[in-house]
Amino acid sequence: MQVSSLNEVKIYSLSCGKSLPEWLSDRKKRALQKKDVDVRRRIELIQDFEMPTVCTTIKVSKDGQYILATVVTFEILSDDYSKIVFLHNDRYIEFHSQSGFYYKTRIPKFGRDFSYHYPSCDLYFVGASSEVYRLNLEQGRYLNPLQTDAAENNVCDINSEHGLFATGTIEGRVECWDPRTRNRVGLLDCALNSVTADSEINNLPTISALKFNGALTMAVGTSTGQVLLYDLRSDKPLLVKDHQYGLPIKSIHFQDSLDLILSADSRIIKMWNKNSGKIFTSLEPEHDLNDVCLYPNSGMLLTANETPKMGIYYIPVLGPAPRWCSFLDNLTEELEENPESTVYDDYKFVTKKDLENLGLTHLIGSPFLRAYMHGFFMDIRLYHKVKLMVNPFAYEEYRKDKIRQKIEETRAQRVQLKKLPKVNKELALKLIEEEEEKQKSTWKKKVKSLPSILTDDRFKVMFENPDFQVDEESEEFRLLNPLVSKISEKRKKKLRLLEQQELHEKEEEEEPEGKPSDAESSESSDDEKAWVEEVRKQRRLLQQEEKVKRQERLKEDQQTVLKPQFYEIKAGEEFRSFKDSATKQKLMNKTLEDRLKIEAKNGTLSVSDTTVGSKQLTFTLKRSEQQKKQQEAEKLHRQERKRLRRSAGHLKSRHKRGRSFH
């Protein structure tokens, strides 16, 4: 008994290990079990689980109570062993009942495989012929055969969902037939689809295995070691899996609970996911394989080998142990005490390209190479010997690699330079310093630190795109940051120091000394005064710069020479004001910045600064000539009314005679 593990999937081999002869006495057996660890760990799950000769096919009855093995192939027609059909290698077909042999007949050509169609009670035989022979068990006679386009047929299968019959040919095609109409309904060229860019094909791939799963899924195995997974609605495979050995695929099974496909050739059993194609685990038996059978509703695997002894494997991940050996689930912990891992510590993984460089491609398929994923495992001693022969200077390369590693280790002990981005280096250095100060404060106060802007993907463009470079010469920056030049003086000096270190690849020099934090805090009032003075200074500088710009624009206007220009008035239009239209046209051609400057010059726009450094714009709307005339007329009218207005203070009310009205 052995325990192996690959991809954290444990596989228990229950048929390997030393066996004891039957003629030994019980006392001798007990003595051997005490001395020999292999004998003590051996579990004889099924006694005498071997055939008199080599078997090629192994199956389990539907009720899980019987295991059968034969030379060519057979089919179990009932839930138990009461109805079995055997296909012999001499063209004979034997029918067996529960009591034994029942009937014997013969087919015209040598058969290779057959399937049973339950709705019609027909047996479909394929073999060394282009015809598919049909034997009806209800009528007890042969029916008209199906004529295929192939010279010979190797394997066949019938879909249990809708009854579609499929046969694999030696030309590498799969023909699908409808048993109801006896017509071919589909043709798949698997040989062409099995050839990929990485595969090397020396001969035409033939179909060696065929299996349906559900109503729409079918797996096809080729004689060159490829497994193709098809959706019946498409003529292109969903996946193509290569066993890397170049050996014919002998058996294919589906494990629905884990969405796995089990494919086996004579050297290896691979289990892989049918959706992604990723290898789940693999198993390499002691002897070459002929057939594999998955025990129903369990994690047990049975193999027919090139020796009379058959194999039993238990994989707990695939399912529980069968009912007749449920004690295996309780023994798994004990079996894991001394596992033998298939993680090849004494092997070297090589790809096909490595084998070409070493000149070992002729070893593919031999016991010296074990196929695994996209390459092979080979003995590490053989690898070193061949590499020394191919490359006698391998020791010099090894020595140079060791020296390079030592140099890298010494470089790692140096003070690491701070890698600054290409854009906004000063801002990044400021953020790094603030982050260091926060880390010190959080370490003292034990406060959870927040993520930095430099490591946040949302702000990474600010340090990569030059469009986000901070313009320190702009008005807004100078007004909002009046002390930037003074505060960032140390940072700029440090930035130059880091750039020099990056260029010359030297060790980081000591940072320039500065005032301690307590001295900075004690001078906070001086900093406030300096901030006010710096703001006033910046305002004066901005006013002077604006004055110089206005003088330059005035000089440019004086130097320009006006030339007469002629304009054409379209027919039907009334000329109102040449000056207004020309001025309006000029304004429309200018940019927004130039238009704002003209408006400010004319007095219709005023720009003022707020206390926080932002800009405030005030517009004065223009009035038309008619509005101006109307406004002037209204003003004159009010003045005239004011002059003509007379006072009514001299008028006083007189008392009327008579009685007053109450």
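Helices (H or I, at least four residues) and strands (E, at least two) are taken as DSSP runs and numbered from the N terminus. The structure is a predicted model, in which local features need pLDDT of at least 70 and side-chain atom pairs count only at pLDDT 80 or more, while totals for chains, interfaces and linings use all residues. Residues are numbered from 1 along each chain as its sequence is written, and side-chain values use heavy atoms, with hydrogens and water left out.

Leu239 belongs to strand S20, which covers residues 239-242. Its contacts (heavy atoms within 4.5 Å), not counting residues up to four places away in sequence, are Val227, Leu228, Leu229, Trp272, Asn273, Lys274, Asn275, Ser276 and Gly277. Lys274 is 35 residues from Leu239 along the chain, and the C-alpha atoms of the two are separated by 7.9 Å.

Strands are treated as paired if DSSP finds at least two bridges between them. Strand S15 (residues 173-178) and strand S16 (residues 183-189) run antiparallel and are joined by six bridges. Val174 has Leu188 in S16 as its bridge partner. The two strands S15 and S16 make a hairpin with four residues between them, and Arg182 in the turn has a positive phi of about 55°.

An open sheet of three strands has the order S28-S30-S29, with antiparallel pairing. Strand S28 (347-351) and strand S29 (369-372) are the edge strands, each pairing on one side only. From one strand to the next, the twist averages 35°. S28 and strand S30 (residues 375-379) run antiparallel and are joined by five bridges; Tyr347 has Asp379 in S30 as its bridge partner. Helix H6 (residues 380-390) lies across S28 and S30 and runs at about 90° to S30. For such angles, axes are lines fitted to C-alpha atoms, for helices over the stretch in contact, and values run from 0 to 180 degrees between N-to-C directions.

A nonpolar core is a set of buried Ala, Val, Leu, Ile, Met, Phe, Trp, Tyr and Cys residues joined through side-chain atoms within 4.5 Å. Buried means under 20% relative accessible area, exposed over 50%, and partly exposed in between (1.4 Å probe, protein chains only). The largest nonpolar core has 19 residues, and Ile58, Met300, Leu302 and Leu328 have the most contacts inside it. Strand S3 (57-60), strand S26 (300-305) and strand S27 (311-314) each supply at least two residues of this core, and S26 gives the most, with three residues. Another core, of 15 residues, lies apart from it and includes Ile11, Leu262, Ala264 and Ile315.

Nine aromatic pairs are present in the structure. Rings of Phe, Tyr and Trp (its six-membered ring) pair if their centres lie within 6.5 Å; planes under 30 degrees apart count as stacked, over 60 as edge-to-face and the rest as tilted. The ring centres of Phe74 and Phe86 are 5.9 Å apart and the planes are at 35°, so this pair is tilted. Phe74 lies in strand S5 (residues 73-76) and Phe86 in strand S6 (residues 84-87), so the pair ties together parts that are 12 residues apart in sequence. Both Phe74 and Phe86 are buried. Phe95 and Tyr103 form a tilted aromatic pair, at 6.3 Å centre to centre and 40° between the planes. Phe95 counts as buried at 12% relative accessibility, whereas Tyr103, at 47%, counts as partly exposed.
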